Every structure is written in structure tokens, then in C-alpha cells.
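Good morning, everyone. Please have the sequence and the structure open while I talk.

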Amino acid sequence: MEWRHKNLISLEGWTREELSFFLDQTEYMEELLNRPIKKVPALRGKIVVNCFFENSTRTRSSFEIAGKVLSADVINWSSSGSSASKGETLRDTVWTLEAMAADGVVVRHGEVGVPDYLAKKLKKASVFNAGDGTNGHPTQALLDLYTARQKLGNLEGARMAIIGDVLHSRVARSDIQAFRKMGVHVTLSGPATLMPENTASLGVEYVSDAREAASGKDILYFLRMQRERQEDGLIPSIDEYHRRWGATDSLVSLASPRAVVMHPGPMNRGMEIASSVADGPRSVILEQVRSGVAVRMALLYLCLGGVR
Amino acid sequence: MGERLFFMTKKGDGDVTAKPEKKWSEKATVLSAGDMERILRRIAVEIVERNKGLENVILLGIQRRGVYLAARLREMLREGEKVKVPTGELDITLYRDDISTLSDQPVVHSTSVPCDISGKRVILVDDVLFTGRTVRAALDAITDLGRPERVQLVVLVDRGHRELPIAADYVGKTIPTSRSENVEVRVTELDGNDSVVICERIGGDEDGVEA
């Protein structure tokens with residue numbers, strides 16, 4: 001297959017064949033991480049700039065490791081202490097990146113649409129969305145898909161429950177898009193105050209009761225719950241949230257025998273996930289982190305290489 | 001209200017690139033399935049002869065056709081010598097020296113090595129030896145996997161036109177070619193039959209150099 005994407009802003013434009021091909025490429029990239037010398041010269045001479053206007057540890061280091069394993073030079077540009085905190089406009093940031101001859105720009109920003117804006121303005125560099133506001137986090141969706149496929153095999157017809165604060169979750173948005181594209185049936189659950197209004201038009205169903213939602217599912221995906229949601233009056237109390245929608249042993253026991261438990265991290269233990277589940281046999285949370293590096297290697301390799 | 005809208009409607013990232021495909025026409029079949037089998041049997045014997053047995057020997061097939069040729073050699077050695085030679089596959093894509101000049105990023109295939117190659121005799125298996133650049137890349141890949149005692153090279157066809165100082169230890173058949181031709185090794189597993197075919201680019205070739 002010829003790879004036709006220069007950027008990754010959203011998975012919307014990717015076909016199912018492209019997703020499958022991408023996951024196959026990821027599998028070969030993962031093998032590199034098992035080697036005694038984890039470095040190949042594939043992206044020698046390429047410059048990747050990590051532009052994080054929002055805090056991130058795993059996504060940023062994951063992109064950094066991915067770039068370094070492929071021999072790209074990775075530069076980290078974080079919002080605190082950068083020119084952004086000195087009042088530089090996004091437009092000027094773009095010209096700066098262009099002037100530095102960046103080949104790839106990884107961007108996370110609190111505002112929806114910033115990666116899209118950069119992709120339109122940057123003439124040469126590829127742009128990778130590492131999370132924009134509540135809109136999307138496509139590389140998280142790719143690593144979730146990859147992890148699920150490694151554990152469950154073909155995902156066609158598999159059943160997934162996404163439980164938690166779907167409304168504010170860019171991970172949920174990207175995951176719904178990606179998993180549905182691969183033929184997975186998706187059910188949402190969580191407090192009604194944290195659900196988007198248009199669930200039916202997204203091709204997913206909403207079930208308030210987490211026990212009903214989790215029942216017989218192959219993938220249980222628990223979203224990160226922010227404590228501020230309680231102050232905003234969107235959840236009753238942390239204890240009640242945990243009892244009703246948290247990943248507990250009794251909730252997980254309702255899922256299918258082969259079920260995996262996923263979480264995008266960082267976890268709030270005792271809030272959306274109990275420690276016994278997070279560290280339990282169904283949890284693939286650390287595999288997700290590992291997959292994240294392989295997925296970003298495949299992305300950088302496919303989008304940065306070649307003459308464009 | 002805006003907050004509750006789920007997906008932003010956006011056009012894709014609008015970055016689609018289309019490329020013309022190369023076309024080849026078949027010119028001549030130079031090796032039949034029977035020829036290929038006899039050649040590989042001879043090479044299997046030569047491997048045993050040159051290494052005085054098969055101790056410490058590992059076969060590594062270069063993706064993609066080399067993988068299948070290595071598997072044939074392993075079977076022949078198992079029948080002939082009653083030895084199971086560890087056999088792996090090596091993908092050299094990430095080590096290519098032309099990776100930043102190709103219009104398309106080449107697809108990666110699997111690398112899977114059965115054991116630590118340090119101190120072993122690694123026998124690389126490839127279908128066609130041409131410029132030597134694939135073998136150069138394979139040697140770099142091997143260096144990253146360990147430090148073998150020695151590396152030997154098996155090729156089914158040597159078609160000339162070397163651009164690097166590389167030679168094979170075991171050659172199935174030397175076939176003089178022109179640069180505008182392509183030597184296609186076909187294996188049943190991928191192509192439906194075993195054969196070696198010479199193809200020519202349709203519409204001639206601008207950099208055609210006679211061998």
C-alpha cells in the first residue's frame with residue numbers, strides 16, 4: 001500500500017484498509033523495541049519538534065522515544081518558559097518552526113483546531129495532533145486499537161464499552177471513530193451529565209447503568225475522571241462515582257471471558273479505576289503505553305519519509 | 001451548546017499524493033521450478049561443505065523472497081543432514097540508504113531472529129544480488145542485532161551491476177542483464193509458482209546501460 005497521508009490531524013480521512021495497514025506496520029516497529037540496540041537509521045537527518053502547549057508526560061516522551069529509535073533529532077518545546085508564555089502568537093510560532101527547518105511538528109494544545117491550523121500554514125513539515133482541546137487525540141486511538149488487536153485478534157464484531165466522562169474526553173472522540181471504523185460495536189456509559197447529546201448519530205448507544213454496559217463486552221475502556229467535575233456539580237461524589245461507574249472487580253467480572261481493561265492514563269486509582277483492576281490480569285494499561293511508542297514510530301516513519 | 005457538539009466537521013488533512021506505476025513486460029524465463037530446486041540443493045551441500053557441518057549456523061532470509069528461499073534451504077538441510085538450522089527473517093527497509101530520496105516510504109516487513117546471533121555463523125539469503133545496497137543494509141541491520149562470528153551470503157541470482165564492493169559466497173546462477181531489465185524471482189508461497197523471469201520496462205528506459 002502507498003501511504004498517502006502527510007499529517008495526522010484526525011482519523012476521519014483514514015480508511016479501514018489504511019488503519020489495518022498502519023497496525024501491521026506498527027507490529028514490525030514494536031519488534032525494534034525488543035532489540036539490544038534500539039536504533040535504526042530510517043529517519044536520520046529529520047528534525048521533529050514536540051510542541052506541547054499543555055502538560056503531558058507519556059505522549060511527549062512516547063513521541064520523543066519513537067523519533068529517537070528511528071534516528072530523528074527530537075526537540076522539545078514546552079509552553080512554560082517558551083515564547084508562547086511570552087505572548088508569541090501561534091502564527092509567529094509557525095514561521096519560527098518553518099525557519100528552523102522542522103520536518104515534523106507534534107502539537108498538543110488546549111484549543112480545538114490548532115493542529116489543523118498548523119498543518120494548513122506549515123508548507124513543508126508534517127503535523128501530528130497529540131491532543132487538541134476536547135476534540136481529538138488520534139495517536140491515542142491508534143495505540144488503543146493496536147493494543148486491542150494484539151490481545152483480541154481481528155476486531156470486527158468485537159464489543160466495547162467506554163465508561164466515564166465522554167463529554168470532555170478527546171480520547172473518547174478519537175476512539176469511537178477508530179474502533180467503529182474497524183467494525184467494533186461501541187456502548188457508552190457514565191453520568192448523563194457527562195454524555196454528549198448526539199450519541200445515536202455517532203452510531204453508539206448510551207446506557208446509564210455501567211453494569212449493563214459492561215456486560216459481555218470484550219473491551220472495557222475507562223476514561224480519566226477529573227476531580228474538578230465534582231466541583232462543577234457534574235458528578236455526585238467521588239465515592240459514588242467509583243461505586244457506579246468505576247472499574248471494580250465486580251464490574252469487570254461481568255465482561256466477556258476474554259475481556260481486556262484499558263485506560264489512557266494517567267490513572268486516578270480509587271476514582272475511575274480500582275487498584276485491583278488496574279494491576280489485575282485483565283489490565284492492558286502498560287501494554288497501551290508500550291504500544292504508544294510503536295504506533296508513533298510507524299506514524300513518524302510513514303509520514304516523514306520520502307520526498308513530498 | 002457548542003461544547004456539546006461531538007465531532008467537529010472537518011475536511012480530511014488533504015495530503016493525498018498519487019504516483020505513476022512502473023510497468024514491466026516478461027521477456028524470458030531463465031530458471032524453472034526444477035532448476036531452482038536443483039540449485040538450492042547444490043547450495044545446501046556447499047553450505048555444509050564450507051562450514052564443515054552446520055554447527056553454529058543460522059539462516060537469515062532477507063524480506064521478502066529471501067525468507068522463502070531460506071525456508072527451502074532449511075528443509076533441505078533437515079532432510080540431508082538431519083539438522084534443524086535456526087532460521088529467521090530480516091527486513092532491511094529501515095536501513096536503506098535511499099530512504100530519504102524515494103518518493104514513497106517503503107513498506108516495512110517483519111524481522112524475527114530465532115536466537116542471539118552473537119558468535120554464530122549467519123548465512124544471509126537473498127533472491128537477487130544487484131547493486132549490493134540491500135546486502136550493505138542487511139549487514140548494518142545484523143550489526144544492530146549482535147556480533148556474529150562471520151556472515152556469508154547466498155543469492156539465487158547474481159545479475160551484476162554492483163555499486164558497492166560486495167560479493168556472494170554462494171551463487172545460484174549468474175545472469176548478465178541490462179539495467180533496463182528486472183530479474184523477478186517468484187516463489188510459490190507469494191507468486192503461485194517457482195521461477196526466475198527477466199522482465200523489461202515497457203516504453204524503454206532512460207538510464208539503460210548494457211551489461
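**Chain B, then chain A**

Let's start with chain B. Its secondary structure comes to four helices and eight strands. Keep in mind that this is a predicted model. In what order do the elements of chain B run from the N terminus on? The order is β-α-β-α-β-β-α-β-β-β-α-β. Chain B has 211 residues, and 34% of them are buried. Now look at its contacts with a separation of 6 or more. Of those, 71% join residues 24 or more positions apart in chain B.

Now to chain A, and its domains. The domain assignment gives two of them. Domain 1 is 11-137 + 292-304, and domain 2 is 138-288. Their centres, taken over C-alpha atoms, are separated by 26 Å. Where do they meet? In chain A, 21 residues of domain 1 are in contact with 20 residues of domain 2. On the domain 1 side, α1 (16-32), β4 (126-132) and α12 of chain A each supply at least two residues. α1(A) gives the most to that side, with five residues. What is the make-up of the residues on the domain 1 side of chain A? They divide into eight nonpolar, nine polar and four charged.

Let's stay with helix α12 of chain A. It covers residues 285-304, which is 20 residues. How far should such a helix span? At 1.5 Å a residue, α12(A) should span 28 Å. The end C-alpha atoms of α12(A) are 28 Å apart, so the two values agree. Is this helix largely enclosed or open? Of the 20 residues of α12(A), 16 are buried, so the helix is largely enclosed by the rest of the structure.

In soluble globular proteins, nonpolar side chains tend to be buried together. Here, the largest nonpolar core has 146 residues. Which residues have the most contacts inside it? They are A:L220 and A:L300. The element that gives the most to this core is α12(A), with twelve residues. Domain 1 and domain 2 of chain A both give residues to the core, so it lies between them.

Leave out residues up to four places away in sequence. Then A:L300 touches A:L43, A:V48, A:A66, A:G67, A:L70, A:A72 and A:G104.

Methods. Residues are numbered from 1 along each chain as its sequence is written. Chains are lettered from A and ligands numbered from 1 in the order in which they are written. This is a predicted model: local features need pLDDT of at least 70, side-chain atom pairs count only at pLDDT 80 or more; totals for chains, interfaces and linings use all residues. A residue is buried if 20 or more other C-beta atoms lie within 10 Å of its own, exposed if 12 or fewer, and partly exposed in between; C-beta atoms are placed from the backbone. Two residues are in contact if their C-beta atoms, placed from the backbone, lie within 7 Å. The expected span of a helix is 1.5 Å times one less than its number of residues. A nonpolar core is a set of buried Ala, Val, Leu, Ile, Met, Phe, Trp, Tyr and Cys residues joined through C-beta atoms within 7 Å. Domain bounds come from an automatic or database domain assignment. Ala, Val, Leu, Ile, Met, Phe, Trp, Tyr, Cys and Pro count as nonpolar, Asp, Glu, Lys and Arg as charged, and the others, Gly among them, as polar.
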